[in-house]
Amino acid sequence: MTAVAEPEVGRARRRKEDARLITGRTRWTDNLTLPGMLHMALLRSPVAHARITSIDADAARKMPGVLAVVTGADIAEEQGSLPCAWPITEDMKAPEAPAMAVGEVNFAGEVVAAVVARSAAEAVDALEAIDVEYDELPVVLDMTEAIADGADLVHPDLGTNKSATWVYDSAEAGSGGAIDDAIAQADVVLERTFRQQRLIPAFMEPRSVLVDPTGEQITVWSATQIPHILKWMISAVTGVPETKVRVIAPDVGGGFGGKLQVTPEEIITFLLARKLGKPVKWTESRSESMQSAHHGRDQIQKITLAASSDGTLKGLKVELLADMGAYLRLVSPGVPILGAFMFNAIYKMDAYRFECTNVFTNKTPTDAYRGAGRPEATFGIERMMDELAAELGRDPIELRQQNWIKHEEFPFTTVAGLTYDSGNYEAATAKALELFGYDALRQEQRERRERGDKVQLGIGVSTYTEMCGLAPSRVLGALRYAAGGWEHASIRMLPTGKVEVITGTSPHGQGHETAWSQIVADRLGVPFEDVEVLHGDTQSSHKGMDSYGSRSLAVGGTALVMAADRVVEKARKLAAHMLECSEDDVEFSGGKLKVRGTDKSTDIQSVALHAHVAHDLPDGMEASLDSEATFDPENFSFPHGTHLCAVEVDTETGQTKIRSYVSVDDVGVVVNPLIVEGQVHGGLAQGIAQALFEEAVHDESGTLTTGTFADYLLPSAADLPSFTTDRTETPATTNPLGAKGVGEAGTIASTPAVVNAIVDAVRHYGVNDIEMPCTPMRVWKAIHTGERAAGGPGDEAGGGLGSIDASGGAQ
Amino acid sequence: MIPAAFDYVVPASVDDAVRELHDAGEDAKVLAGGQSLLPVLRMRLAAPSKIIDIGRIPELKGIRDEGDHLVIGAATPHHEVQKNQLVRDHALLIALATETVADPQVRHLGTFGGALAHADPAGDLLAPALALDAVFVVAGMDGRHEIPASEFFVDYFTTALRPGELLLEVKVPKYTGWRAHYEKFNRVAQAWSICGVAAACRVDGGTIAEARVGLTNMSSVPVRARAVEQALVGQQATAEVIKAAASHAVDGTLPTSDGNADAEYREHLAKVLTERAVTAACS
């Protein structure tokens, strides 16, 4: 007997794509050079709102190496309007969104002119020779002011700064009671307003586009998450038939949702390459990326939580303002709506109402950013649960236990109308508490408080769930999204026995090449090394919906399993012919096809060769084992978990140090634990960064003042603790892999855990919230404002607290 | 981003460098480690017509002992300063402050003299140089002369270096046996200081015999906290004494407000960090 091969699924394999990605010796878009290639540079508006009164490009046209200088007026006809695929309401207001500004600019960073030159340096030099005159208009920056009567308007022709208001009401939807009743009948009603600051996705590889118009098809290389959607949309925007467009996302260095976009730059590069008949490349600088690539989050959340005095939740009312920025990009309007189904989270309650108004401002457009709607929702509810615990004098874990869905209650239909298929919040929480040493930390916290230690300890809790596996197409249709949520995969069995897997997902750092190979190796019984995963080129991967929303494994992986099973079915049929037995007698296991009860067998490689040479096939069988499948999920998947964070707050300086962080995530069945752990680590870093470090700040004129990494602070390993990560495993019941998705979990869960911990550390100073990011100054001011308001010690000189968030979070 | 075009020369000696600087006029820039200059060029915040790269002049590199003082070549990378035993033995404060500069990549390229001549008030080496009474040796077409640290830093990004002058080396008096601490306050590890305090003390039998304290980013130039020093000298190194002395940390400062800290908070930080820096330097 030969030993049974260890299953690939579940193995912590190192990623096979990493060597080339980490060394950079690979096909990043900017690494590509084509014969006769020209370079494009873009002139961007330095002002946030203005009419363009003149553009003088004559001098620029005469600069060395310059072939063309183009303004928005020059391409106004052909550039169309950038697509917004998610009109969330029938009456949603959407402005024209030209790739290059025509006559007016609406945010600082909007493209005003393009230079194409023989070298990148010549193109950039020529930008300085373009003279643009602006007639400045009133700048709209604050969402609350933007929706007030008589406000200045970003787009006067729309007559309002409100794009749309979207409502979910459990009474109207029939998924629960009326929120007003729940609030009226509650013993405790808590209301808080939280700010989700504006964030910048800050992917590692800046955006880059190369367009080659010299073939029959126009080929577009782009650092994008969505080659398939981009192909469709380029055709829709420019009118070039889809058959004449080929999009390639070669290796792409991160996205975090920031490359889930059809960008102005892609359209401009496409149009100018076509106009000039030569390949044109554009690659952005980091500052350009910070300023003009879409931003994320930026919401004001007014949340009302109603409960009875025993802590039982009654109802939740969520009123959001969401900043769209100056234009609606691909899925901008829908991002806050993805949170609509998640504010109720893991809790049972009688009534729920969600209302979101999308608002225009003269800022960079917002769109998807890691978690997209779900981090905002999780932050809102998890902060409120800690506030309710404080209000009632209850332990925040115990209060959650009282209200969450018990493991035996699944499947459970929530007050927001979703059906959670599975979960075990008790198990994840128990494991997290044990790893964290919860009781000992609470004891230390008490001691530090009692002795008035200048370093106070706080403990933050986040018991989150999220919806992944975007998405059932019928649900997307009901939400007025313009596309489906299925995914495609195909498998080619090559004559040498090697296997090519073609996926419609589009990895940009996730490790699909490794994970997909593991899945196929198991399903077909072939060596891991024999599987090659092809992706990102619409000519080979002709069908797909790309990668975002933690969908690739749960949806794309399922399509892959289906395709593999079809290969096996064909192989079984052919093997029966080869082995001269009935198909029903062929057993398939570990790559072997065996006649039941005999020692006659063949293997899948032999069958693949037999099919390929096609000398002797059963009647009616095609000369191929190749198979494909498209999977459309019936339901979302619902990862969950418990994150616990302990912080030390230096009350003298306001500095926060994360002392320990424990995450126990339940992402279902895991294909590669090493990849999962990497996703969790990165997600935690990104979510913690929202709590502590990152913020896109605009000055009163609408200029981004955090336009470099010197000002927009990203943490490095030196700024983060050593994470304790663990898992529980409750399989998803909605796909054969049992997988739920892990790409966003860490980001979604961690932000409230950190802020809850900080507030917990200083609550006894009279603090009940601190605005994100919780900078040392904000924390210090919250402590000292709270102390003074409470008549507490406050040994600092009194008087003016300065202008920046002076009230901190003091009650 | 791509810098505007410039001429580039690599002089092999100090004399050549000084001549190049003189000939190029005010529109030239000296390139040492490039960690401040290159971002400015790439963002086109400056467009000098000529870059004079002093990175290959042997005389500008290295650290030597000259009896009562050390000499640190202007183009000596931070990494070498930080590891150097002479510096650790005789000017520990400089080694400790250098350890906090940016990140390892920057410290391998950025230079001691470059950081000082750049004169960013948030830079970490200015306050130690001031506190330790370093002396700046500069060269121009009319020869060499020395500028004391107390006169070297003039304003934001402005030093007493005149057009055509090059910083050659920095003399640091020996503080053998002194203890030191640099207390840096920032939000992420590689960021500039929001506020920093450089402290060096000579403690003799529990009494603070001598003390030197400099502040980072509390004015347009580094600030010598003389009132703090005076309140420490001759006193027992007790928590009460140090706290009382630290309350003078804001004397003579003129802090700015920015997104990380307004002036009030910076003043508060200066006191807290001074207390911590001196406490560490006395223990």
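I count two residues as in contact if their C-beta atoms, placed from the backbone, lie within 7 Å. The model I am looking at is predicted.

**Entry 1: chain A against chain B**

I looked up the contacts between the two chains. On chain A, 26 residues are in contact with 19 residues of chain B. Next I asked which helices of chain A supply at least two residues each to the side that touches chain B. They are H4 (120-127) and H21 (776-789). H4(A) gives the most, with four residues. I then sorted the residues on this side of chain A by type. I got 13 nonpolar, nine polar and four charged.

**Entry 2: a sheet in chain A**

I turned to a sheet of four strands in chain A. The sheet is open, and its order is E21-E20-E19-E25. The pairing is mixed.

**Entry 3: one strand pair**

I picked E20 (residues 499-503) of chain A and followed its pairing with E21(A). The two run parallel and are joined by four bridges. For Val499(A), the bridge partner in E21(A) is Val531(A).

**Entry 4: the helix across the sheet**

Helix H17 (residues 552-579) of chain A lies across E19 (487-493), E20 and E25 of chain A. H17 runs at about 145° to E25(A).

Technical notes: Residues numbered from 1 in each chain as written. Chains lettered and ligands numbered in written order. Predicted model: local features only at pLDDT ≥ 70, side-chain atom pairs only at ≥ 80, totals over all residues. Pairing = 2+ DSSP bridges. Axes fitted to C-alpha atoms, helices over the stretch in contact; angles between N-to-C directions. Nonpolar A, V, L, I, M, F, W, Y, C, P; charged D, E, K, R; others polar.
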